[in-house]
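Thanks for coming. I have one model to go through today, so please look at the screen.

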Amino acid sequence: MPVPYTVFMLLQATPHWLALDREQRDALRDDALSRVFNHFPQVTLRFFDASAFNGRCSEVLVWETGDMSEYREALDALRSHDLLGKPHFQVVDVIASVAEIWPSATVATNAVLARVGVF
């Protein structure tokens with residue numbers, strides 16, 4: 001079974017993106033998602049609007065996959081699309097991660113974690 005990866009991509013909208021009206025933004029995003037993700041079934045992507053809560057980034061993209069090579073291909077395809085290919089967004093940071101599997105921890109590890117208040 002492949003390891004499930006989650007990749008957090010922090011983006012900052014540029015004035016080019018903000019100059020588009022809501023319909024243009026939605027159309028651009030929808031076109032990118034349908035074109036890219038119809039070809040990469042092992043990759044999912046969710047968008048989160050962080051602009052009201054964060055000064056560092058305006059959007060957070062959350063990618064999930066068990067196949068990192070397919071993630072890279074999907075990202076390359078998205079970068080070739082106007083959504084990320086034109087200066088609509090600046091990539092602030094990319095954080096790749098795997099979920100921690102607490103139940104697989106040893107009994108000793110669980111005892112230490114309980115002592116320090118983790119659970």
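I will start with the overall layout, then go through the sheet, the cores, one serine and the pocket.

First, the ground rules. This is a predicted model, in which local features need pLDDT of at least 70 and side-chain atom pairs count only at pLDDT 80 or more, while totals for chains, interfaces and linings use all residues. Residues are numbered from 1 along each chain as its sequence is written, and side-chain values use heavy atoms, with hydrogens and water left out.

The protein chain has five helices and four strands; these are DSSP runs numbered from the N terminus, H or I of at least four residues for helices and E of at least two for strands. Read from the N terminus, the order is β-α-α-β-β-α-α-β-α. Of its 119 residues, 30% count as buried, where buried means under 20% relative accessible area with a 1.4 Å probe, protein chains only. For contacts, meaning heavy atoms within 4.5 Å, take those with a separation of 6 or more: 68% of them are between residues 24 or more positions apart.

Now the sheet. Two strands pair if DSSP finds at least two bridges between them. Strand 1 (5–13) runs antiparallel to strand 3 (59–65), and seven bridges join strand 1 to strand 3. Two of the partners to look for are Tyr-5 with Thr-65 and Val-7 with Trp-63. Strand 1 is also joined to strand 4, residues 89–98, by nine bridges, again antiparallel; there, Phe-8 stands opposite Ile-95. Strand 2 (43–49) pairs with strand 3 in the antiparallel sense over seven bridges, and Asp-49 has Glu-59 as its bridge partner.

Is strand 3 enclosed or open? Six of its seven residues are buried, so strand 3 is largely enclosed by the rest of the structure.

That leads to the cores. A nonpolar core here is a set of buried Ala, Val, Leu, Ile, Met, Phe, Trp, Tyr and Cys residues joined through side-chain atoms within 4.5 Å. The largest has 21 residues, and Trp-63 and Leu-78 touch the most other members. Strand 1, helix 2 (22–37), strand 2, strand 3, helix 3 (68–80) and helix 4 (82–85) each supply at least two residues of this core. Another core, of five residues, lies apart from it, and its members include Leu-10, Ala-50, Val-60 and Val-62. As background, nonpolar side chains in soluble globular proteins tend to be buried together.

Back to Trp-63. Leaving aside neighbours within four places in sequence, Trp-63 is in contact with residues including Tyr-5, Val-7, Phe-37, Leu-45, Tyr-71 and Leu-78.

Next, Ser-58, in the loop between strand 2 and strand 3. Ser-58 counts as buried because its relative accessibility is 6%. Not counting residues up to four places away in sequence, Ser-58 touches Leu-11, Gln-12, Ala-13, Phe-48, Asp-49, Ala-50 and Ser-51.

The largest pocket has a volume of about 280 Å³. A pocket is an open set of points on a 1 Å grid over the protein atoms alone where a 1.4 Å probe fits, with protein on both sides within 12 Å along at least five of seven lines, and lining residues have an atom within 4 Å of a point. Of the 16 lining residues, Trp-17, Arg-22, Arg-25, Asp-49 and Glu-59 are the closest to the centre of the largest pocket. Helix 2 gives the largest share of the lining, four residues.

Terms used. Buried < 20%, exposed > 50% of the residue type's maximum accessible area, 1.4 Å probe, protein only. Points joined across faces, edges and corners; volume = space filled by probe spheres on them.
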